[in-house]
Amino acid sequence: MTGWSLRCSRCGHLSPGDVAQWRCPRCGGVLAIDPPLRLDPAAIASDDPTLWRYAAVLPAARPRRTLGEGMTPLVAGELDGEPVWFKLDFSLPTGSFKDRGASVLVASLAAAGVRCLTVDSSGNAAAAFAAYAALHGLEARVFAPAGTSAEKLLQARAYGALVELVAGPRETVAAAAQAAARVPGRVYASHNWHPIFVEGTKTWLLEVWEQLGRRWPAACFVPVGGGSLLVGAELAVGALDGRAGGPLLVAAQPAACAPLARAWERGSDEVDPLPPGETLAEGARIGAPPRGALLLAALRRSGGWPEAVPEPVLRETVRLLWRQGLYVEPTAGLGAAAYRLARRRGWEPAGPVVVLLTGSGLKTAAAARELLEEA
Ligand SMILES: [Zn+2]
């Protein structure tokens, strides 16, 4: 589709659609595509086995080449003896859900003639952007916190990305990536901010809707760090139904870094930044998600809630998933752990439950060793 604009979620400022615009030029708020994209189910390219089957509702045309991203399996499984559906996003080409946003954003950058993208990440996002930059012939520059293990950056380097380590807090790393993009032909491709990235992530729930026979599940349990999967779920529901309907959404965060649960307890509509504590769910160590207020609103609208997962429950749940053949990284076990906590409190689902599994255990060998040794 073409002819979109960008609207600021904070001040309402409307600016023309521009792939380089990652936050509001007036107030620095989070941007969203305006008007929201709507999907006529008849426009789904049912013979395309990738997420590009939804090109009619994406802000980028289907590129000539893909890595086959999307349409990950939805498989029947169980947790504590209860049936659930597992959505296997760890089977995406680079091993994490980040491929959904990166594939769509990099395709749109390539189509706009961008030659280089910069990102700040130490893990899954770096790998995803590096892979799609390689596919489309863009240069990828990754800025990672000093102290990131070399192992975690290997995948991005293998795809050809240039990796620079930056000392200081996480915001300093982000600032370095933003500064490096202030050159014509370069764009800051932020997985936490960019409005096109979340348009790509919405495809996970569109796929689930199709895979369940064009019906919404009753509830979805989703790991949340920056929250792009949750924002994506809102966009998917909006694309098909308007605001009414859609599944109940539960945001699963580690108790050591649960800014949504903290705001929820206070009854607040805004998320206060907090310093992330130590957790094995390193992908969810984001104490100040840029879309915090939108995430809280999405949970309220859907009838869901944020769940803070204690470390012992997370560790036990990850091993439980492994013993079902699902080799996920610890962060990816958050949704399943949140589901188990809710059931233990007596929560009853009103229909099918989907647990999103977001990243592969092949990326986190050190954590796997630790979990196996304590078992
Ligand atoms: Zn604004």
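At what angle do helix 10 and helix 11 pack, and how far apart are their axes?

Author: This is a predicted model, in which local features need pLDDT of at least 70 and side-chain atom pairs count only at pLDDT 80 or more, while totals for chains, interfaces and linings use all residues. Residues are numbered from 1 along each chain as its sequence is written.

Helix 10 (residues 311-322) and helix 11 (residues 334-344) pack at about 110°, with axes 9 Å apart. Helices here are DSSP runs (H or I, at least four residues) and strands likewise (E, at least two), numbered from the N terminus. Axes are lines fitted to C-alpha atoms, for helices over the stretch in contact, and angles run from 0 to 180 degrees between N-to-C directions. The angle therefore makes helix 10 roughly perpendicular to helix 11 (65 to 115 degrees).

On the helix 10 side, Val313, Leu314, Thr317 and Leu321 meet Leu334, Ala336, Ala337, Arg340 and Leu341 of helix 11; contact requires C-beta atoms, placed from the backbone, within 7 Å. By class, this contact has 7 nonpolar, 1 polar and 1 charged residues (Ala, Val, Leu, Ile, Met, Phe, Trp, Tyr, Cys and Pro are nonpolar, Asp, Glu, Lys and Arg charged, the others, Gly among them, polar).

The buried residues of helix 10 are Val313, Leu314, Arg315, Thr317, Val318 and Leu321; buried denotes 20 or more other C-beta atoms, placed from the backbone, within 10 Å of the residue's own. Their cover includes strand 11 (248-254), strand 12 (305-309), helix 11 and helix 12 (365-374). In the protein as a whole, 51% of the 375 residues count as buried.

Definitions and conventions: Angles under 35 degrees count as roughly parallel, over 145 as roughly antiparallel, 65 to 115 as roughly perpendicular and the rest as oblique. Two residues are in contact if their C-beta atoms, placed from the backbone, lie within 7 Å. A residue is buried if 20 or more other C-beta atoms lie within 10 Å of its own, exposed if 12 or fewer, and partly exposed in between; C-beta atoms are placed from the backbone.
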